[in-house]
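Morning, everyone. I have one structure to go through today, so let me put it on the screen.

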Amino acid sequence: MKQSAGFRALVWGTVLIILLGAAVLAGRASQAPIQVSGSTRSAGAQSELARCRTAGEGDEACRAAWAAARARFFGRPAS
């Protein structure tokens, strides 16, 4: 039984797609998962931010605490 060129191309194309998908999945599996701790803020920082929720905007300590919290959230070092 002689196979047509179109059928052969279809089979090879399917095999290549399967191999490419397997390579992508293997690449993803080899990456280390990101470790996220339960609480990234200390108790002092949490209590300071809780106090600052009710304080006015003129409190410099609150501005510094919120700036540090934003920096931690966005992954930048606190200044």
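I will start with the overall fold, go on to one helix pair, and end with a single side chain.

Keep in mind that this is a predicted model. The protein has three helices and zero strands, and along the sequence the order reads α-α-α. Of its 79 residues, 9% count as buried.

Now the helix pair. Helix α2 covers residues 43-54 and helix α3 covers residues 60-73. Their axes come within 10 Å of each other and cross at roughly 125 degrees.

Which residues make the contact? From α2 there are Ala 45, Glu 48, Leu 49, Arg 51, Cys 52 and Arg 53. On the α3 side, the list is Ala 61, Cys 62, Ala 65, Trp 66, Ala 69 and Arg 72. By class, eight of the contact residues are nonpolar, four are charged and none are polar.

Last, the side chain. Thr 14 sits in helix α1, which spans residues 5-30. A polar atom of the Thr 14 side chain is 2.8 Å from the backbone oxygen of Leu 10.

That is what I have; questions are welcome.

Technical notes: Residues are numbered from 1 along each chain as its sequence is written. This is a predicted model: local features need pLDDT of at least 70, side-chain atom pairs count only at pLDDT 80 or more; totals for chains, interfaces and linings use all residues. Side-chain values use heavy atoms; hydrogens and water are left out. Axes are lines fitted to C-alpha atoms, for helices over the stretch in contact, and angles run from 0 to 180 degrees between N-to-C directions. Helices (H or I, at least four residues) and strands (E, at least two) are DSSP runs, numbered from the N terminus. Contact means heavy atoms within 4.5 Å. Ala, Val, Leu, Ile, Met, Phe, Trp, Tyr, Cys and Pro count as nonpolar, Asp, Glu, Lys and Arg as charged, and the others, Gly among them, as polar. A polar contact is a pair of N or O atoms within 3.5 Å; within protein, one must be able to donate a hydrogen and the other to accept it, and residues adjacent in sequence count only if both atoms are side-chain atoms. Buried means under 20% relative accessible area, exposed over 50%, partly exposed in between (1.4 Å probe, protein chains only).
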